Amino acid sequence: MLTLLSKAAWKFICLQNYIPPQSLTLSCPVCRQTSILPEKGVAALQNNFFITNLMEVLQRDPECSPPEACSVLESVSAAAACQPLSCPNHEGKVMEFYCESCETAMCLECTEGEHREHVTVPLRDVLEQQKAALKTQLDAIRNRLPQLRAAIELVGEISKQLTDRKNEAVTEISSTFEELERALHLRKTALITDLENICCTKQKVLQAQLSSLLQGKDNIQSCSSFTEQALSHGSATEVLLVQKQMGERVSALARHTYPEQPHENSHLDCQVETEGLRRSIQNLGVLITTGAVGHTSVATGEGLRHTLVGQHTTVTVTTKDKDSELVKTGNAALRAEIVSMDGAVTTETEVVDNKNGTYEVGYTMRSEGEFSFSLLLYDQPVRGSPFRLRAVKPSDVLQSPDDVKRRVKSPSGTGGHIRQKAVRRPSSMYSTTKKKENPIEDELIYRVGTRGRDKAEFTNLQGISTSSNGRIVVADSNNQCIQVFSNDGAFKLRFGVRGRSPGQLQRPTGVTVDMNGDIIVADYDNRWVSIFSSDGKFKSKIGAGRLMGPKGVAVDRNGHIITVDNKACCVFIFQANGKLVTKFGARGTSDRQFTEKSGTNISLEPKLSKSGPAFSPHFVAINNKNEIVVTDFHNHSVKVYSADGEFLFKFGSHGEGNGQFNAPTGVAVDANGNIIVADWGNSRIQVFDSSGSFLSYINTTADPLYGPQGLSLTSDGHVAVADSGNHCFKVYRYLQ
């Protein structure tokens with residue numbers, strides 16, 4: 001039997017071997033929990049005398065040791081029944097009491113010593129209570145065992161499938177490359193064979209020519225030798241006798257034509273273009289995988305809960321990894337299934353991979369009723385799946401007159417349509433009044449407005465701003481007025497009359513609220529910025545004679561009024577009294593310039609005025625570093641400048657993927673420096689960090705945007721957006 005000292009020594013040696021040298025922490029080899037080591041290391045760790053004594057008791061009498069199948073509580077009970085535990089602080093004293101304050105057992109001397117002011121009770125009195133408490137806790141964790149077993153089985157199965165698929169891929173790779181090797185070998189053999197055939201053909205021609213030349217040479221040499229012999233050694237009679245034959249022979253040889261010019265050439269090369277093949281080989285084969293998992297991936301769209309019979313409906317699935325980070329690549333195995341309540345498959349579904357981590361799931365219901373809509377990512381349900389889907393006949397949904405007659409135009413209000421990716425939902429399916437009761441997982445809190453000229457009605461609203469005292473201010477552009485609401489959407493006031501005199505509004509586009517509560521309005525057609533009091537009384541105007549077409553406006557921490565001149569493609573910085581501090585930007589495509597509409601962008605946005613083209617910079621916001629954030633509409637980017645107008649960086653490009661834009665408009669910055677951008681052409685709102693890296697979307701799919709313009713953060717932390725094409729503004733939940 002080990003003594004306490006030997007056990008302490010064994011613990012020291014064991015832990016010293018387990019913990020890496022110079023380590024400041026200890027990771028339990030069983031539960032993996034990390035603990036900080038004392039300054040003196042393992043040697044300074046305290047002994048758990050209760051456990052040590054319990055071990056001694058169990059080792060002292062083997063008959064008292066319970067079988068392995070017994071619970072921990074049974075072990076403790078058996079140990080206690082066999083031998084009382086001795087106090088580690090007072091030798092020979094038995095622990096008979098329990099300190100409720102310290103939650104520990106002790107002997108009589110302990111109760112009279114350091115625990116004398118604590119409430120102590122006999123150990124036997126508290127034993128059953130503590131056993132019951134431990135039993136309750138034990139039951140709670142035991143109840144988790146089936147879940148853990150199921151999870152272990154599932155993860156093990158996925159691990160096995162992963163290994164199987166890896167082996168299948170290895171087999172496929174090996175088979176493919178072996179086939180390529182065979183093809184290369186066959187091509188090599190064919191080339192060599194063709195080479196031999198060509199060479200043989202050429203050689204036959206050359207050898208025939210060579211044979212003819214050699215024969216001619218031999219004939220001439222033979223004739224010459226015979227003639228010279230006859231002339232040198234023959235008698236007169238002999239020469240005369242052969243003269244005729246020899247003359248004819250020499251004449252014939254002289255007249256004979258020999259193939260003295262080559263009948264073939266030696267050109268025989270082999271050209272193998274390997275550069276392209278090498279590049280192809282280097283890029284041959286693509287390994288496809290994603291980190292997407294079902295329990296963090298989300299589905300959005302009205303079609304998760306409601307649809308109309310015979311109407312094609314789509315929902316969007318956004319895939320995420322185990323840390324809830326957006327997956328930015330496609331090719332995930334997503335499957336959709338719609339079944340009736342009796343389990344019969346009723347509707348075919350289609351899944352379109354957008355190749356950016358999002359997927360469009362489409363279906364068309366053929367009958368009305370209640371259905372179960374399952375979305376399975378790698379055979380695991382996405383968050384919230386299965387959804388309860390209700391299909392109704394179109395005749396059961398009342399159409400509002402506005403839905404029947406409205407043909408929504410582009411945000412400028414002068415015609416031209418934009419591509420709308422989301423299906424516009426009928427306004428009558430759910431209430432479009434202040435508070436919106438939406439049965440799906442949507443970030444929309446409420447929407448205000450419809451097309452019209454009365455209060456809380458709009459015609460092509462543009463800018464939107466908020467104040468610290470809980471107000472939302474909207475630039476109602478085509479109605480030539482400003483409307484003010486509370487944070488919960490209640491109408492407060494309206495001011496502004498049409499005209500070109502100071503205090504009047506011709507085309508208000510941008511709006512902001514300064515630190516004093518004054519409302520600052522960018523008037524595009526009047527070419528100045530008007531300043532009104534919080535109750536709508538005109539105070540002054542600035543920028544007249546300088547501005548050509550002010551669009552967005554903001555106030556920085558110095559009280560300067562930052563104005564985006566859309567027509568001049570630049571940004572003006574004014575003092576509150578109208579004195580110009582500086583301006584920056586010009587027409588162009590460099591980082592410090594803003595792009596004027598031209599070329600392929602010509603149809604992107606209608607003309608902003610009757611006489612001029614549409615220009616590029618739109619709206620502006622100030623971040624927590626007092627830097628200026630500007631949306632560059634036709635450059636499909638957002639640019640950030642210092643408070644003095646020095647270019648810092650930009651982000652964004654043209655497209656539909658995460659972090660891309662199709663003409664950005666409104667912009668706002670939250671308290672953490674995250675940048676929120678209204679993506680006009682893609683009808684969505686994107687969120688970026690302070691450096692311009694894409695973070696997420698605001699979920700707007702249940703009640704889709706249609707050409708969003710201005711954007712702002714309310715005093716209670718929500719996102720307010722001017723939904724220009726739908727002639728309303730909407731407020732969305734936003735978690736910073």
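Ile-173, Phe-177, Leu-180, Leu-284 and Leu-287 make a nonpolar surface patch of about 460 Å². Patch residues have over 30% relative accessible area and no salt bridge, and nonpolar side chains (Val, Leu, Ile, Met, Phe, Trp, Tyr) are joined within 5 Å; a salt bridge is a side-chain nitrogen of Lys or Arg within 4 Å of a carboxyl oxygen of Asp or Glu. Areas come from the Shrake-Rupley method with a 1.4 Å probe, and for residues only the protein chains shown count as cover. The model is predicted: local features need pLDDT of at least 70, side-chain atom pairs count only at pLDDT 80 or more, and totals for chains, interfaces and linings use all residues. Residues are numbered from 1 along each chain as its sequence is written, and side-chain values use heavy atoms, with hydrogens and water left out.

Leu-287 is located in the loop between α8 (275–282) and β6 (293–300); helices (H or I, at least four residues) and strands (E, at least two) are DSSP runs numbered from the N terminus. Leu-287 is exposed, at a relative accessible area of 75% (exposed means over 50%, with a 1.4 Å probe and protein chains only).

Residues 616–644 are 0% helix and 55% strand, with end C-alpha atoms 21 Å apart.

An open antiparallel sheet of 4 strands has the order β16-β39-β38-β37, where pairing requires at least two DSSP bridges between two strands. β16 (444–448) and β37 (708–713) are the edge strands; each has a single partner strand, so one side of each lacks a neighbour in the sheet. β16 is joined to the antiparallel β39 (residues 728–732) by 4 bridges, and Tyr-446 is opposite Val-731 in β39.

Key. Patch = residues over 30% accessible without salt bridge, like charges linked within 9 Å, V, L, I, M, F, W, Y side chains within 5 Å. Buried < 20%, exposed > 50% of the residue type's maximum accessible area, 1.4 Å probe, protein only.
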